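The following exercises concern a predicted model.

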Amino acid sequence: MIILDEVMNEILLKVVLMFDLTIINHNKAIEALISGDHHLALEVIESDEKINQLEQQINYDVMLAIAKHQPVARDLRYLIAMIKVANDVERIGDYAKSNAKTAIINSDRTFLTTIFLKNMKRMGDIIARLLEDSKQAFLNVDVDKAYSLVREDNSLVKILNETLENNPFEEIKDNNVESFVSINGVIRTLERTRGHLANICEATIFVGNGEFVEL
Amino acid sequence: MDNIFDIKNLNLWYGSKHALQGINLRINKQSVVALIGPSGCGKSTFLRCLNRMNDLIVNCHIEGSILFNKVNVNSERYDEINLRKKVGMVFQRPNPFPMSIYENVIYGPKCQGITNKKRLDELVESSLKKAALWEDVKDRLNSSALGLSGGQQQRLCIARAIAMEPDVILMDEPTSALDPIATAKIEKLIIELKANYTIIIVTHSMQQAARISDYTAFFLMGELIEYDKTDIIFANPKNKKTEDYITGRFG
Amino acid sequence: MLNHPWQVKLIKILTYLATILLVLLVFWMVSFIIIQGISYLNMTLLKESSSLIITTLMVVFLALLIALPLGIFSAIYLQVYTNNGKLVKMMRFSIDSLNGVPSIIFGLFALSFFIYYLGLNRSIFSASLIMSIVVLPLIIKNTEEAIKTIDIAQIQGSLALGASRFTTINRVIIPYCIDGIINGVILAIGKIVGETAAIMFVIGSASSIPKSFFEPGSTLATKLYLIIQEPTYSSNGIGSAYGIALILLLIVVLLNLLVKLVNHIFMKRRG
């Protein structure tokens, strides 16, 4: 163990914390959308601040580590990846926050179809699991795991497509336009979350064997 | 890309100590090659083989071929003095002669028999300019070289080597005795010199090797572990021992 | 150990006493010779001694002529050319042994080898031969020390610029160890001037200025020895002995001053 190892472990703890908080917020936001629980949604919005702070700290810590320890090879790749991953996780956190806001606006969701709600729950669960798995893969620099997560992503795509095919709403009313837009927003965040998860896996592979891949 | 040095199966013994084991290496023209490795790994010994300075050491036995421009220089029949005219060397501690700056620079050319004053003057000016020292000393060429600062003395030694119009300049930890500013100046100089010379530099600083070299060779206990483009060695080395050394996790 | 103040004081007193004793001894010895000899320091003595002085100088000259090139080149070889460990070891052993041989044994050797075996005449030439052997280790040692003061990096630097070993010796080594060589020369002269036992059996004796190197002669030291043995040998008897001793002493003092002067000059040049 050299000094740099301890420094990198400290930063990794923060990355892990970011992941955990984001997973919690993501789950709460989905739950709030389904159940209409205002309090849950507010919790998400509040705790997002902490996630943003963590990203800034990670950026700063990595910068100092590079300046002071002049890392090369894998150490350098890992530190750079920590910045990228923190950025991706922070975006996912932002999506959770925006979903929570949507949940508050659409507290009357009786007009949402059961199928839609069920699909949303399923997608939310898969994403939560993917987040947890990609966190582990990054922590352990498990390149094989990172590649395998891509396959799981495919099942997510299937559900996504199903959801998009069907009308989320029971009936069309006058005030539905606003809700329609915001519900679309939710689906879009889930899509984008997929993209960021792919980035995280790519970063893991980069750390592991120095290759840039597109997943 | 032309090879200026092609080393095949180089082995060296100091008495019974097998200091260099089966080294194979090709060096491209007009590139900067850094030799790195822990103390005693053989990098300086290897460097000295390239201009046959090891011939001076008692009980030193060398086997293998060192092809310089396709001619094997590691043989009794090849004149080592001839070799040193084309392969110059700069040492760790600046070692200017206790003569004037002018006399230092023309020492080598004079040994070769150049006596024409005009030619010597030109040589002095061009060598000192190439070594980024001309502006500092142009008004005091006849003053003693020992009056220069450490960094200037080292640049004088480089000018001295350049005056021989060599193809290759070997440098054995040229900045380890210098302060950071002098070091930075010489590093910049090395990058400029690359356009006209092949430079092979032994350095104990990982960062220096990373900053200035095109290729890096990692030596460990007399063996060449890895030799590749510097970018690859420092971003994604192929050998675990290389990675351990450059990240400081050695031993 | 030296914790008690009385111990410190005791040591201090002892060292003071030893120094004073030494100084007094030297002072007494020198002044004794001066007092005894000063009365004889006149033109007659100098005229008589002129042949002695010239003979001494001839021995010095010839001995150095042989020993200097031999010694300097040996020293250069030992320091610059050696790749062969065994030969170097052998040479060093020989040189060091030579250094420690008592001069009377040199005298015996000179007699046996040069006079009896080779059949040479007793002459200044024979004396110079043995003296060159006597001072050879001195020259070699001094030259080696002078060469050693040259930074090996200078030698490496010169060779790395494509200079041959010969050129390196000429341009880097010799100019910068001349002062060491001169030091060795002056020490050698001092030794030769004062040598008695090594040359007295092979130099013969003479009272007039020698016309060639192959004639016998007397140096200051050998004549002094002869007079002491046989005071009737000289016109003034034991008195001349003191006179000659005084001259010899003066020469030694002058040589020492010369050493200091030379060192001073070269120290200044080195900077």
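**Exercise 1.** Identify the partner with which D5(A) forms a salt bridge, and state how far apart the closest N and O atoms are.

*Solution.* The partner of D5(A) is R249(B). Their closest N and O atoms lie 2.4 Å apart. A salt bridge requires a distance within 4 Å, so the pair of D5(A) and R249(B), at 2.4 Å, qualifies. Across the interface of chain A and chain B, the rule finds two salt bridges.

**Exercise 2.** Determine which helices of chain A each supply at least two residues of the side that touches chain B, and describe that side by residue class.

*Solution.* Begin with the polar contacts: seven residue pairs make them across the interface of chain A and chain B, both residues being at pLDDT 80 or more. The helices in question are α1 (3-35) and α3 (73-105) of chain A. The largest share, four residues, comes from α3(A). By class, this side of chain A consists of four nonpolar, three polar and four charged residues.

**Exercise 3.** State the area buried between chain A and chain B, and name the residues of chain A that lose the most area.

*Solution.* The contact involves 11 residues from chain A and 10 residues from chain B. About 830 Å² is buried between the two chains, with carbon and sulfur atoms giving 44%. In chain A, the greatest losses fall on I2(A), V72(A) and A73(A), which together account for 50% of what that side buries.

**Exercise 4.** Describe the secondary structure and burial of chain C.

*Solution.* Chain C contains nine helices and zero strands. Of its 271 residues, 41% count as buried.

Technical notes
Residues are numbered from 1 along each chain as its sequence is written. Chains are lettered from A and ligands numbered from 1 in the order in which they are written. This is a predicted model: local features need pLDDT of at least 70, side-chain atom pairs count only at pLDDT 80 or more; totals for chains, interfaces and linings use all residues. Side-chain values use heavy atoms; hydrogens and water are left out. Contact means heavy atoms within 4.5 Å. Buried area is the accessible area (1.4 Å probe) that two parts lose on being put together, summed over both. A salt bridge is a side-chain nitrogen of Lys or Arg within 4 Å of a carboxyl oxygen of Asp or Glu. A polar contact is a pair of N or O atoms within 3.5 Å; within protein, one must be able to donate a hydrogen and the other to accept it, and residues adjacent in sequence count only if both atoms are side-chain atoms. Ala, Val, Leu, Ile, Met, Phe, Trp, Tyr, Cys and Pro count as nonpolar, Asp, Glu, Lys and Arg as charged, and the others, Gly among them, as polar. Buried means under 20% relative accessible area, exposed over 50%, partly exposed in between (1.4 Å probe, protein chains only).
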